[in-house]
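Reader: I've got a model open and I'd like to learn how to read its side-chain features. Can you walk me through them?
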Amino acid sequence: MSTYWKIVLFITVFLGGSTAAHAKDRSKDFAITIKYTPSSFIQYEGEGARTTGNNTWESKIKSHDALLELEVDYKLTEKSGVNLQYLANFATIEDERSSSGLQYNDVIFKIRNTYLNYYRELEGSGLSAIVGYQYLQQSFDRSRFFLYPEDYVDMRHKEEIESHGLNFGILGRYFSPVYLDIELMSGILLKTKNRQTADISTLKKKGYTYRVRLEVGADISDYSFGLGAIRELYHPQVDGGASQDGAIYSYSQNKIDLMGIYIFTRTEF
Amino acid sequence: MRKHFLSLFTFCLLLLVATGARADESWELSVLYSPSSKYDYNAEGNNSPPAYTSDYSGMHQRMDGIEAIKTYSDTSRLGISYIAGGTSQFYDEYGIERVEDYQMSKLNVGFASFMLTHYKKIADSDLEFMINFGVIRQFFSRKDFEIGGEVYPKDDDSEISGEGIGFGIRGKSGRDLFIKYKAFSNFYIQNHDMKTDKELGEYFNCEVSAGYQYKKAALEFGYMYQYIFMHSQTNRRVYLGEDDAEGAIISWSQQDMTVKGPFFRFNVIFD
């Protein structure tokens with residue numbers, strides 16, 4: 001599907017949603033949701049300024065880690081509430097490779113993402129506006145660096161990137177008792193931090209994120225269950241671009257594209 | 001360009017049809033002027049020979065904007081806005097760009113943002129939710145490239161653009177004397193300068209202002225902060241010298257820009 005038609009579809013869903021009936025009230029004050037993605041698609045791409053002449057422009061990690069999400073929802077009033085979401089991957093040892101084939105190494109790559117959102121209903125609509133805070137952690141445990149053609153750098157390096165962000169988005173639920181949930185968010189990472197220092201410091205320590213979530217579920221009394229799809233992108237910029245003995249172990253641009261199909265269960269109290 | 005207009009046209013059409021546009025509702029027209037906003041720019045890329053980063057001295061320039069908002073109902077409005085800056089090059093005023101030890105040049109950066117925004121009232125509050133679709137452009141005017149101690153009197157103009165979708169909030173407190181605030185985050189869906197990677201980007205805008213309303217007109221004074229991050233094709237060059245021996249870098253894979261400064265805004269409401 002071309003980008004043009006994706007835009008048309010997105011806008012149609014939004015505008016259609018704004019006039020649709022809000023089929024199910026979230027009548028209970030408190031709810032806990034557990035989501036599990038057995039096999040996600042996570043692609044990491046590191047690039048940017050560096051301190052070495054090594055022609056390794058890009059680094060890529062592709063993994064199929066399982067994801068676990070925990071969501072706590074608390075209604076403040078009939079039309080508003082707060083929502084805490086925490087996402088983590090079950091990291092395993094993966095290959096990290098440069099696109100040029102000049103370097104590869106082992107990496108354990110962890111993602112921890114937390115949203116604290118406030119939502120409030122839009123007047124005359126089935127949708128709610130979201131304003132939220134995001135705390136994103138990425139950690140890399142890199143080891144066993146091989147350089148083309150036969151060099152080996154015996155080094156282990158741990159790096160942790162933290163980001164604090166602000167999000168805006170929409171949230172909506174349609175139909176009952178089998179329902180459709182949508183959530184769209186766009187955010188800016190206002191401050192990022194890398195505990196390591198680098199010789200090159202250029203771009204502002206900021207970044208951006210977005211999130212798209214679609215969920216189909218069924219309500220049975222105080223319980224819900226179903227299937228959902230998630231797509232998230234995080235792109236923090238930090239002081240990076242560090243290397244040792246020709247092996248690059250840190251990047252200033254750190255883009256993560258994450259998607260998956262999950263099962264969930266929700267309990268209302 | 002054709003893709004831009006196709007998307008914009010479709011967006012306008014969908015909004016107008018979905019909201020049931022009526023001719024008897026009110027309009028609000030706003031004109032924004034910032035006499036001196038600070039433009040800052042940084043870039044980095046995958047260039048060879050090793051010259052990975054661009055550092056810009058920054059400069060103060062004016063910024064102008066206009067927005068027309070049509071009210072369709074008590075809860076919905078539709079706005080179209082244009083905000084732009086970066087005209088100092090026409091007065092021969094430039095900042096300095098340094099590309100490590102490799103290159104130096106005069107540089108003027110500018111931007112233009114064209115947005116269509118659907119405003120929807122948030123229940124039991126003074127706030128409006130915004131969903132917007134926009135086109136963002138960044139402009140770069142370079143001249144007097146210096147490489148290896150020699151100055152080449154050549155100039156170059158380039159631009160990159162992206163299309164984005166975003167969300168935000170906007171609010172107003174008070175009546176005659178009022179405070180207004182707005183923030184939105186817009187992520188790019190399509191970047192028209194990328195030929196190798198499919199990349200995204202970000203446009204973030206926030207502002208706060210205070211003003212006084214007299215009948216149908218209002219004057220406000222505020223401060224605006226904008227952050228534009230965009231990817232582009234890296235390592236494009238302008239070749240200099242008699243035999244084109246030297247190549248000056250004019251594009252980078254990542255570039256961010258901030259534009260911030262005080263502004264005046266004049267609003268008029270037409271019933």
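Author: Here we go through chain makeup, salt bridges, aromatic rings and cores in turn. This is a predicted model, where local features need pLDDT of at least 70 and side-chain atom pairs count only at pLDDT 80 or more, while totals for chains, interfaces and linings use all residues. Residues are numbered from 1 along each chain as its sequence is written, chains are lettered from A and ligands numbered from 1 in the order in which they are written, and side-chain values use heavy atoms, with hydrogens and water left out.

Reader: What is the secondary structure of chain A?

Author: Chain A comes to 1 helix and 15 strands. Those are DSSP runs numbered from the N terminus (helices: H or I, at least four residues; strands: E, at least two). Of its 269 residues, 57% count as buried; buried means under 20% relative accessible area, exposed over 50% and partly exposed in between, using a 1.4 Å probe and protein chains only.

Reader: How many salt bridges are there over all chains?

Author: The general idea is that side chains of opposite charge can pair when their charged atoms come close. The cut-off here is a side-chain nitrogen of Lys or Arg within 4 Å of a carboxyl oxygen of Asp or Glu. The structure holds 32 of them over all chains. Take Glu45(A) and Lys60(A), which meet at 3.8 Å, N to O. Glu45(A) sits in strand S2 (residues 41-47) of chain A and Lys60(A) in strand S3 (residues 58-63), so the pair ties together parts 15 residues apart in sequence. Glu45(A) is buried at 6% relative accessibility, whereas Lys60(A) is partly exposed at 25%.

Reader: Which residue forms a salt bridge with Lys79(A)?

Author: That's Asp124(B), with the closest N and O atoms 3.9 Å apart. This pair crosses between chains, running from the loop between S4 and strand S5 (80-89) of chain A to the loop between strand S6 (103-121) and S7 of chain B. Lys79(A) is partly exposed at 31%, and Asp124(B) is exposed at 53%.

Reader: How many aromatic pairs does the structure hold?

Author: A ring pair is described by the distance of the centres and the angle of the planes. Rings of Phe, Tyr and Trp (its six-membered ring) pair if their centres lie within 6.5 Å; planes under 30 degrees apart are stacked, over 60 edge-to-face and the rest tilted. There are 17 pairs over all chains. Phe30(A) and Tyr74(A) are edge-to-face, at 6.4 Å centre to centre and 65 degrees between the planes. Phe30(A) is in strand S1 (residues 30-37) of chain A and Tyr74(A) in strand S4 (residues 67-75), so the pair ties together parts 44 residues apart in sequence. Ring pairs link Phe30(A), Tyr74(A) and Phe269(A) into a cluster.

Reader: Which residues touch the most other members of the largest nonpolar core?

Author: In soluble globular proteins, nonpolar side chains tend to be buried together. A nonpolar core is a set of buried Ala, Val, Leu, Ile, Met, Phe, Trp, Tyr and Cys residues joined through side-chain atoms within 4.5 Å. The largest has 39 residues, and Tyr41(B), Met63(B), Val109(B), Phe111(B) and Tyr203(B) touch the most other members. A second, separate core of 27 residues includes Ile61(A), Ile130(A), Tyr179(A) and Phe264(A).
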